[in-house]
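Hi,

Here is the structure I promised to pass on. Have a look at it first, and my notes follow below.

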Amino acid sequence: MHCTSPKMVCETKIVADEHDATIPGTKKESIIVSSSQMWTSTPLPAEAATAAADTVVESAGEVESKEPPGRGQDKVFIREFELADHGEVRRIFCEGIMERIPNSAFRGLRQQPQTQFLYAMLTLMCYMVTKSLPLTCCTPFLLMGARYYYSRRVILGYLDCALHTDMEDIQAFYMKPTGSCFWVAVLEGRVVGIVAAQGREDDNTVELRRMSVDQRYRGKGIAKALGRRVLEFAVLNNYSAVVLSTTAVKLAAHKLYESLGFRHTGESQDHTLPGTPRSTLQSLFFQIRYHRYRLQLHEE
């Protein structure tokens, strides 16, 4: 299932690490700031944002000399996306998305008391109609199987959409447009994490997108370092705020956003992922919460 428009904006995917770390990096537009106090949940005055950006630029040469590409193989550094990274970037992205199938089907049910009640009623109705205890005992497993089937169907449709839009040509979608960028985290010469920033001129905000970390390298603070890179990029480009949206089920993801200074601005139950048509059965067995976050840097 392909999206009709190559510019279709698909939802942000974030795979979070629970541990914090400040990791040096390299990028010509932005360098990781050593002070995490810079990112707060309250708006930054324009003067403070400008001063922070100046500090980042002034420290660029020193940080780059410590972590040039190809050296410091025992440390993680963050650099801009290159064409040679495309295969590894798509692998990390696809693996992160595929994790959402069991998370949405099973873990997500814990956050849906109304759905739990509905499934209990269906199980009870099964017994009342059939008077069969074995069949009634099988009903919960049949319902969970249906949840897994529809979670897989919806998420694979979303993945296909993403792979045929922005993730098909990262260079054209993120690297060429002004105000957007794509970074990779590198450890021991291997790409282990990704994140993107997409500028929005209509409201002078930048969207944090496509953050994901290879599951073998989580717990090292890589996700937080990638998030900070986007925040620095926003400051240097004078954006007023950083926004993101997610359907992440894991609590660790939401803790990560809050630790970076994001504020939860709303959520909705009735949300359709890009590339996934809706149906009655799908609505019965696949429900997600759509969360929106915002970090205000300065007022317009």
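Before the first item, a word on bends: the bend at a residue is the angle between two fitted axes, one for the seven residues ending there and one for the seven starting there. Keep in mind, too, that this is a predicted model.

With that in hand, helix H6 has a kink of about 30 degrees at Thr 139, shortly before the proline Pro 140. What about its length? H6 covers residues 133–163, and at 1.5 Å a residue those 31 residues should span 45 Å; the end C-alpha atoms are 46 Å apart, so the two figures agree. The N-terminal end of H6 is capped by Ser 132, which places a side-chain oxygen 3.3 Å from the backbone nitrogen of Leu 135.

Next, the sheet. Seven strands form an open sheet with mixed pairing, in the order E1-E2-E3-E4-E5-E7-E6. E1 (76–80) and E6 (263–268) are the edge strands; each has a single partner strand, so one side of each lacks a neighbour in the sheet. On average, neighbouring strands are turned by 25 degrees against each other, direction ignored.

E1 runs antiparallel to E2 (residues 181–187), and five bridges join them. Ile 78 sits opposite Ala 185 in E2. Helix H8 (residues 222–236) lies across several strands, including E1, E2 and E4, and runs at about 160 degrees to E4.

Last, the charges: there are 14 salt bridges in the structure. An α-helix has 3.6 residues a turn, so residues three or four places apart point the same way.

Cheers

Note on methods. Residues numbered from 1 in each chain as written. Predicted model: local features only at pLDDT ≥ 70, side-chain atom pairs only at ≥ 80, totals over all residues. Heavy atoms only, no water. Helix = DSSP H or I, 4+ residues; strand = E, 2+ residues; numbered from the N terminus. Expected span 1.5 Å × (residues − 1). Polar contact = N/O pair within 3.5 Å; in protein donor to acceptor, adjacent residues only side chain to side chain. Pairing = 2+ DSSP bridges. Axes fitted to C-alpha atoms, helices over the stretch in contact; angles between N-to-C directions. Contact = heavy atoms within 4.5 Å. Salt bridge = Lys/Arg side-chain N within 4 Å of Asp/Glu carboxyl O.
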